[in-house]
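Please keep the sequence and the structure in view while reading.

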Amino acid sequence: MSTPSDLADKRVIITAGASGIGRVVAERFVQAGAKVHVCDIDADALATAAQELPGLGVTRADVADADQVAGFFEQAVAGLGGLDILVNNAGIAGPVAPVEEVSIEDWRATLSVNLDGAFHCARHAVPLLKAAGGGSIVNMSSTAGLFGFVRRSPYVASKWALIGFTKTLAMELGPYGIRVNAICPGSVEGERIDRVIAAEAAARDVSEREVREEWKAHMSLRTFVTPDDVAAMILFVCSDAGGRVSGQALAVDCHTESK
Ligand code: NAD
């Protein structure tokens, strides 16, 4: 993956950066010479990330909790000395069930992490980005924010909401030189999609292999994407090359149609 050179010394905050896609995004920003601080709820994964990526700042924080996010930003900004880029990556898959079987607790938990989390972080980031004279916010949506997916109503609702949030912030913040975009990955290879496929297979009483092949058949390139594919798009929109891109929902999904 080519690394944009103008990201050197940029101050970057990434939520849920200890593992999964967020971890790869953090690595790519570090490789580009950026200063990076991540949060996560998994203390062990944070400790491993800090060990493996020297210079990485880490804070244990749940993005759904406004007080923890306030503490996270305080700690991150003390280390970074300001902010140029926020990547709102944290998001949970939520339940796999028909809507009438989704519990209120599961609905709220999914919206709290996926939507409230981005809001909590944006509230802290915007004054810092204005003070920096501009910057970038990236919100992690999904192809679930572009289509309807059966049995995934809380997740899909949260990811569509993030796109509305993105487009509105882009309008509010453009005059300050702040660009705001949503990234919409399709199914990304990794443990999380394996868990979602297992839950879908169980809900339909079919094999996991059957679900995986069925999903691939909806993709023009007949393959899932990788965390690196997603990271490349994020680095692009945050770099000078993406300097005229704002308010967009950018799919990295091998051209998926609704499942
Ligand atoms: P993941 O399930 O692998 O989790 C990554 C990290 O998130 C973990 O380290 C976990 O501890 C952390 N985390 C979970 N809840 C948190 C919280 N409340 N606060 C802080 N950290 C928290 O996830 P992933 O597959 O890396 O997905 C990252 C983002 O990409 C999510 O927003 C997800 O919805 C989105 N996405 C993923 C896929 C996919 O196929 N994996 C596809 C489209 C979009």
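A polar contact is a pair of N or O atoms within 3.5 Å; within protein, one atom must be able to donate a hydrogen and the other to accept it, and residues adjacent in sequence count only if both atoms are side-chain atoms. The model is predicted, so local features need pLDDT of at least 70 and side-chain atom pairs count only at pLDDT 80 or more, while totals for chains, interfaces and linings use all residues. Residues are numbered from 1 along each chain as its sequence is written, and side-chain values use heavy atoms, with hydrogens and water left out.

- Asp84 is located in the loop between helix H3 (66-80) and strand E4 (85-88); helices (H or I, at least four residues) and strands (E, at least two) are DSSP runs, numbered from the N terminus.
- With a relative accessibility of 12%, Asp84 counts as buried. Buried means under 20% relative accessible area, exposed means over 50%, and partly exposed lies in between (1.4 Å probe, protein chains only).
- A polar atom of the Asp84 side chain lies 2.8 Å from the backbone nitrogen of Arg11.
- Not counting residues up to four places away in sequence, Asp84 touches several residues, among them Asp9, Arg11, Leu129 and Ser136. Contact here means heavy atoms within 4.5 Å.

**Helix H2**

- Within helix H2 (residues 43-52), the residues Ala45, Leu46 and Ala49 are buried.
- Viewed down the axis of H2, its buried residues fall within an arc of 100°, so they line one face of the helix. The arc is that of the directions from the helix axis to the C-beta atoms.
- Asp44 and Gln51, on the other side of H2, are exposed.
- The partners against which the buried residues of H2 pack are helix H1 (20-31), strand E2 (35-40) and strand E3 (57-60).
- At the start of H2, the backbone nitrogen of Asp44 has a side-chain oxygen of Asp42 within 3.1 Å.

**The ligand**

- Around the ligand there are 27 residues, of which Ser19, Ile21, Asp40, Asn89 and Tyr155 come nearest. A residue is counted as near a molecule or strand if one of its heavy atoms lies within 4 Å of it.
- An oxygen atom of the ligand is 2.8 Å from a backbone N or O atom of Ile21.
- From the side chain of Tyr155, an N or O atom is 2.7 Å from an oxygen atom of the ligand.
- Arg192 has a polar side-chain atom 2.9 Å from an oxygen atom of the ligand.
- The ligand taken alone exposes 830 Å², and the protein buries 90% of that. Accessible areas come from the Shrake-Rupley method with a 1.4 Å probe; for residues, only the protein chains shown count as cover.

**Aromatic pairs**

- There are 2 aromatic pairs in the structure. Rings of Phe, Tyr and Trp (its six-membered ring) pair if their centres lie within 6.5 Å; planes under 30 degrees apart count as stacked, over 60 as edge-to-face and the rest as tilted.
- The ring centres of Phe72 and Phe73 are 5.3 Å apart and the ring planes are at 70°, so this pair is edge-to-face. Phe72 and Phe73 are both buried.
- The ring centres of Phe147 and Phe149 are 6.4 Å apart and the planes are at 25°, so this pair is stacked.
- Phe147 is partly exposed, at 22% relative accessible area, whereas Phe149 is buried, at 12%.

**Ser239**

- Ser239 is placed in the loop between helix H8 (227-238) and strand E7 (249-252), and its relative accessible area of 2% makes it buried.
- A polar side-chain atom of Ser239 lies 2.8 Å from the backbone oxygen of Phe236.
- Apart from its neighbours within four places in sequence, Ser239 is in contact with Pro4, Asp6, Leu7 and Arg179.

**Residues with positive phi**

- Asp9, in the segment before strand E1 (11-14), is a residue other than glycine with a positive phi near 70°. Asp9 counts as exposed, at 56% relative accessibility.
- Arg151 is not a glycine, yet has a positive phi of about 65°. Arg151 lies in the loop between strand E5 (135-140) and helix H5 (153-173) and is partly exposed, with a relative accessible area of 25%.
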